[in-house]
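Morning, everyone. Please look at the sequence and the structure as I bring them up. I'll keep this brisk.

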Amino acid sequence: MNGFDSYKVRERADVARWVLGVAFLVLGGAFFRTQVMQHEKFQLRAETNRLRPIPLAAPRGQILDRSGRIIAENVPGYSVKLIAPSADSLRAVLARVGQVVPIDSGAVTEIVRRFRAARYQPALVLGDADFTTVARLEERRSSLPGLVIQAEPKRLYPSGRAVAHLVGYVSEVTEGDLAAQRFPGAQLGSIVGKAGLEKQYDDSLRGDEGVRYIEVNARGRLVREEASTATLPPTPGRPIRTTIDLDLQRFIDSIWPAGIRGAMIAMTPAGEVRALYSAPAYDPNDFVGGISSRLWRQLNTDDAKPLLNRAIQTRYPPASPFKLAISAMALKRGLVSLDTRMPVPCRGGMQLGNRYFRCWKKEGHGAVDLIGAVAGSCDVYFYQLGLRLGLDAIIKDGVLMGFRDRSGIDLENESRPIYPSSLAYFDRLYGPRNWSPPATTLNFSIGQGENTQTLINMMRFYQALSGTGIESTPYIVRQSSTRGASLGLTASQLDGLRHALIAVVERGTAAGSAIRAGGKQKELSIAGKTGTAQNPHGKDHGWFIGFAPAEKPVLVVGGIMEFAEHGTNVVPTVVRALRRYILGPDTTTAVKVELIVPQDSAPRTLDLETTDSAGIAPVPLDGRPTAKEPR
Amino acid sequence: MRAARIDGQLIGVSALLVAYGLIILYSAGQTDVPTRAAGVWWHQFIWVGVGLVAATVAFNVSFRLLEWLSPIVYGFSILLLVIVLVVGTGAGTAESSHSWLSIGGHQIGQPSELAKVATVLMLARFLSSRKEPPRALHDLIGPGLIIGAPFLLVLKQPDLGSAIVFVGIFFAMLFWAGVRPRLLFLLASPGISLLLAFSTVAWIVWILAFVLIIWAWRPYLWDWALCLIANVVMGTLAMPLWKHLAPYQQNRLLTFLNPEVDPRAAGYHAIQSRVAIGSGGWFGTGYTQGPQKRLAFLPEQHTDFVFSVVGEELGFLGVFVALALFLTLFFVLIRIARRAPDAFSSLVIFGIVGLFFTHVFENVGMTVNLMPITGIPLPFFSYGGSFFVICSLCLGLAMRVAWDSRLSGYHDF
């Protein structure tokens, strides 16, 4: 063939070499571009392919009482998570996990639902697994692909129920919380505070999550738990130091009569809350690692509403303790002095227009001055004092004293008290001329009527009364900067009212709470005021707010018991709390302390056995109110 | 001395390529996920042995005998392609195609591989038997038929990758036979028209440019008229042809243009391969250590995408070495073709260059998204029996031609 002369072939060979050379240069160039110039981009791409971030929970900050005792801490716990390529394979693995730890079908549905929502995150199966469970799962690891067991700090409340409403509880953040951005920085799966101090100070306590990478293959199966890439350690949450006295808090829990609903708060005249207790309580430890749906349902449907913090969320008619507020208004306005007597002496009641208003004491108090009226809680005296003040003044001064505002304690969800802002309130509520100003005045002057207060709010008033006459905002960790209202009383007026409250205890409605005890029992003078909040739905609620030592108070303790009929039932519990705090645990064992606690109607003897030194054991109360069962 | 006349360069570069391929194939089986690629490197040893036998046999066959046998081999391979269309089975990722010949349930090979060599032989025989190189289109009817038959049969399987190889062989051998590049350009122009038809503007520009080129070159009347008509027809046929393609073929072409169109499905191979290669960097992630491969993100790591393993684990350095070895092999083959004692053997060797080059460029190009993805193996690297044996056979033929040319060099006739 002619075309194959040697010079022509050489020429073609040269062309062919050039063409091949250029083609390979193009190929090499493409690789150079991909491997050298775009290396970092593809490197990142390869890593996001195979590395799945797993959040590392940060240990929450400790919650300490005022002397550093632990209210909430962290202990090592284990979480069990699964990485699965699909919902079906997740179900299959869950079924095998279920052979080790029972998982009910509702939980499986929930786990799968959450997996679908965040497919690339490991699905949380058990938030709080114990060591034996983890060990048994670990044994079966080969048949449980995608199993991730992580040691995680877990919340522990050593005092359990005793601190329930104070600390609140923690739980996994919900999708709703995230959507509303209620917890800045939280991600799906984060543990956040849902109530109490845990919620209020969640920002400080939570810390920042770390992250760890695990390696997965193309089908989303876990390959290695330890990926070579460095992990980012979590930043632990900051501890908070509270004003709480854990010993007192636990003591109150131990002496609280079983089955009784109510609340108790102890605070110093400066507003530092030493104890805050609500009954019935729940165990905040139940929420750690996810509360079971059965228990959650039970807590929410229980008639006694254990999740309700009665110290700050429940409003009660302030009743007799409000008489001190009426006294303070009258003193401030100079309408009366401590020894002023009213024109009509108490004969067990008082006629006003066509209605007869009773005093709680049928036989009457006779002619008493202000101190005597406070001591005896004489309704007739306060009817007349109220009329002298006038409804308008009662409302105005009440608003000034803060009875219309929240106390401002650093806990979330405090209820706002109900208190009218002006007379127009009644017109709006009942219509003009449909209500009787004098009758309303009488109701208000004994703490009844359209006036309901939370325990914490009443405590604020009594704390002012026990101290300088200026209300300070109660606080557990940090006091709000708003300045409290002044009662507007002079030192001698305050002193006089305090004396009246001592008289309550010594000879009035709480007589006998000045404990008569034999032997080495230390003496403690206590001042305070009982009250019976009329409950239209059943038996009345009992109040007692007291402080001690009466001469120079260091602690104010207030308690309310629902369906306790009379404040006098509350007195012993409050008194014991005061004694415990001020005198410390008794050194003598099993001192028999006799308390004579009269009821508003008929005084009777109450036996109180203190075994303080033997620890804090619940003490049965003689003559326990009958209305302890939920109606 | 017989040994002294063996082409040492060819032996050397071939041995290096086979060794490199085996090393990479071993790594391809080292994964954290159970894979059928785990033991293939061991099987490949068997194929290397079979390949050695095939090369030895090819080396010992006289080219005169080969030239005489060419029509028979060609006819036989065409017959196999027809049979495989009827009873063929699919394999691997191309499960539904008809490219494998099975006997008694065992897949014994892909006839298209044999057809490539047979076509090279047949075309070499046809071209070398002519007095003059083809000068006009009507001179190319014969070669066109020789290529067209296996091309269409393979395309029908469907195996686009192998079909493209026939086109590569066709152009390479025509060029080597002395066909003027202008004629090759005219021949290729309908294909270019087809590709550009997806953009109306580009296509109009192309047609105008084409007319200008005809004006300048003044080819035979029939030639340019036919080519112009073919260009126009291709342009108009583009859309119907596109619709005629199977959806997976359409996707491959679309994702070639932009792999992110469908990153989970059609673009997955293209993306993961590039990620593997790109994450390799200059020196790679280390032999057998590539995470993309280990964790099964890289698909077909022992067959079509074996070169991505090179890129990931040995980096640009490993890629450079592999490409350099291939280029060296081609230069050696071109030298052998140039010094071949006769036109037939020269054309055969250059046909083999065309065959290998098309495979290498298409396969390596698709791993970096330079070429659209077609199922086409990489010589000496991809696992696969029949293709490896055919490649070895080709090397044996080249060895023989080198031997013959050295012998003839002594006698110098």
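Helix 1 of chain A crosses helix 11 of chain B in a right-handed sense. Keep in mind that this model is predicted. At what angle do helix 1 of chain A and helix 11 of chain B pack? About 70 degrees, and their axes are 6 Å apart. Angles of 65 to 115 degrees count as roughly perpendicular, so helix 1 of chain A is roughly perpendicular to helix 11 of chain B. In chain B, helix 11 covers residues 268–280.

Which residues make that contact? From helix 1 of chain A, we have F31(A), T34(A) and Q35(A). From helix 11 of chain B come R274(B), I277(B), G278(B) and G280(B). Sort them by class: 2 are nonpolar, 4 polar and 1 charged.

Now the whole interface. Here 36 residues of chain A meet 43 residues of chain B. Two elements of chain A give two or more residues to its side: helix 1 (6–37) and helix 2 (39–50). Helix 1 of chain A provides the largest share, with 18 residues. The classes on the chain A side are 17 nonpolar, 10 polar and 9 charged residues.

Last stop: a pair of strands in chain A. Look for M350(A): opposite it, in strand 15 of chain A, is F357(A). Strands 14 and 15 of chain A form a hairpin, and 2 residues lie between them. In the turn, G353(A) has a positive phi of about 60 degrees.

How values were computed. Residues numbered from 1 in each chain as written. Chains lettered and ligands numbered in written order. Predicted model: local features only at pLDDT ≥ 70, side-chain atom pairs only at ≥ 80, totals over all residues. Contact = placed C-beta atoms within 7 Å. Helix = DSSP H or I, 4+ residues; strand = E, 2+ residues; numbered from the N terminus. Nonpolar A, V, L, I, M, F, W, Y, C, P; charged D, E, K, R; others polar. Axes fitted to C-alpha atoms, helices over the stretch in contact; angles between N-to-C directions. Parallel < 35°, antiparallel > 145°, perpendicular 65-115°, else oblique. Left-handed = near helix turned anticlockwise from the far one by under 90°. Pairing = 2+ DSSP bridges.
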